[in-house]
Amino acid sequence: MEVTATKGQIIKGKPVADKISESLIQEVNELVKEGISPKLTIVRVGARGDDLAYERGALKRCQSVGIATEVLELAEDITQEEYVKALTEINNDKNVHGILCFRPLPKQLNEEVIKYVIAPEKDVDSFSPINSAKVMEGDTTGFPPCTPTAVVEILKHYGVQLSGAKVAVLGRSMVVGKPAAMLLLNENATVTICHSRTKDLAKVTSEADVLVAAVGRARMVKEEFVKEGAVVIDVGINVDADGNLCGDVDTNAVSDKVSMITPVPAGVGSVTTSILAKHVVKACKLQNNK
Ligand code: NAP
């Protein structure tokens, strides 16, 4: 680790997102000049609050860099057959380059089947097992999920050396923890994945140069969980007992000990939608042999 930051530096997502947007605007302009207009379609069932919040951010980010957007809102009681038909139509629409299906899907829809229906080349947030496999293989033609990709982008942006670093990932979901671990391994970090059955959790995480917290438990990561001078990426988005938004890390408790830490909000979440936009442009280019 060659981090020389001052103690407790708050590393925000906005500078990372702005840098990504800057290059995307240019890339989209180039495509438009050639008569190609990158487009994202969001497939949403019903109107869950967290889906709508993410959708607003995603639409705003995509539109700000010139990506065309569309939302397909489907009825809460849609059948499996109807959902598959709608998704297949978007798969076959040559004007759509990226598809984001909000999950979890309602009970009557079988995600285990649907994840094989989405066209892998349009699957910009890694719903398809083909894209999960590409993350495992280190195949860069795929689309890793946006949030763990944002984690790696932030670490790189702030000059955190990953090669040879000890990294602990707290959480092993398919959306964040597992792919984050794999992406960090692909950056030559030595990665330990922790979860609810990990023994002596604080001892394990406090040995890490970089700690990625993705547990979904408000302020669970306390001072004893972090190593002196560690870099902490807080992926958690939680609401505490007082109704305040907070991360998985108790920022006040650890900030004097760590070298850098992402805030919640204004940390990982603000980079996630930039990665989504980046994936749409990448998908568009690949589909047009660029
Ligand atoms: P999840 O599916 O609930 O997974 C949570 C993981 O944490 C599981 O692997 C679980 O272990 C582990 N865990 C739970 N309690 C634990 C404990 N007490 N000790 C150790 N490990 C524990 O959650 P997720 O979808 O990965 O999301 C994690 C957090 O990230 C949530 O707060 C979510 O809102 C947030 N998030 C943020 C973004 C963003 O853009 N910033 C995007 C997605 C998610 P087991 O596997 O053993 O059960």
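Select R219 and D240 to begin: their side chains meet in a salt bridge at 3.0 Å, N to O (a side-chain nitrogen of Lys or Arg within 4 Å of a carboxyl oxygen of Asp or Glu). R219 lies in the loop between β7 and β8 and D240 in the loop between β9 (238–239) and β10 (245–246), so the pair ties together parts that are 21 residues apart in sequence. Helices (H or I, at least four residues) and strands (E, at least two) are DSSP runs, numbered from the N terminus. R219 is partly exposed at 30% relative accessible area, whereas D240 is buried at 12%; buried means under 20%, exposed over 50%, and partly exposed in between (1.4 Å probe, protein chains only).

The model is predicted: local features need pLDDT of at least 70, side-chain atom pairs count only at pLDDT 80 or more, and totals for chains, interfaces and linings use all residues. Residues are numbered from 1 along each chain as its sequence is written, and side-chain values use heavy atoms, with hydrogens and water left out.

Next, select D250 and K222, whose side chains form a salt bridge of 3.0 Å, N to O. This pair links distant parts of the chain, with D250 in the loop between β10 and α9 (251–254) and K222 in the loop between β7 and β8, 28 residues apart. D250 is buried, with a relative accessible area of 15%, and K222 is partly exposed at 31%.

Continue to D209 and K227, where the salt bridge spans 2.8 Å, N to O. The structure holds 19 salt bridges; R44, E55 and E73 are linked in a network of them.

Now display the ligand. The shell around the ligand holds 20 residues, the closest being R172, S173, S196, R217 and I237 (a residue is near if one of its heavy atoms lies within 4 Å). A polar side-chain atom of R217 lies 2.7 Å from a ligand nitrogen, and an N or O atom in the side chain of T272 is 3.1 Å from a ligand oxygen. Taken alone, the ligand exposes 930 Å², of which the protein buries 70% (Shrake-Rupley method, 1.4 Å probe). Helix α10 (residues 268–287) gives the most to this shell, with 3 residues.

Finally, select helix α7 (residues 177–186): 7 of its 10 residues are buried, so the helix is largely enclosed by the rest of the structure. Among the buried residues are M182, L183 and L184. Just after α7, N188 takes a positive phi of about 70°.

Note on methods:
A polar contact is a pair of N or O atoms within 3.5 Å; within protein, one must be able to donate a hydrogen and the other to accept it, and residues adjacent in sequence count only if both atoms are side-chain atoms.
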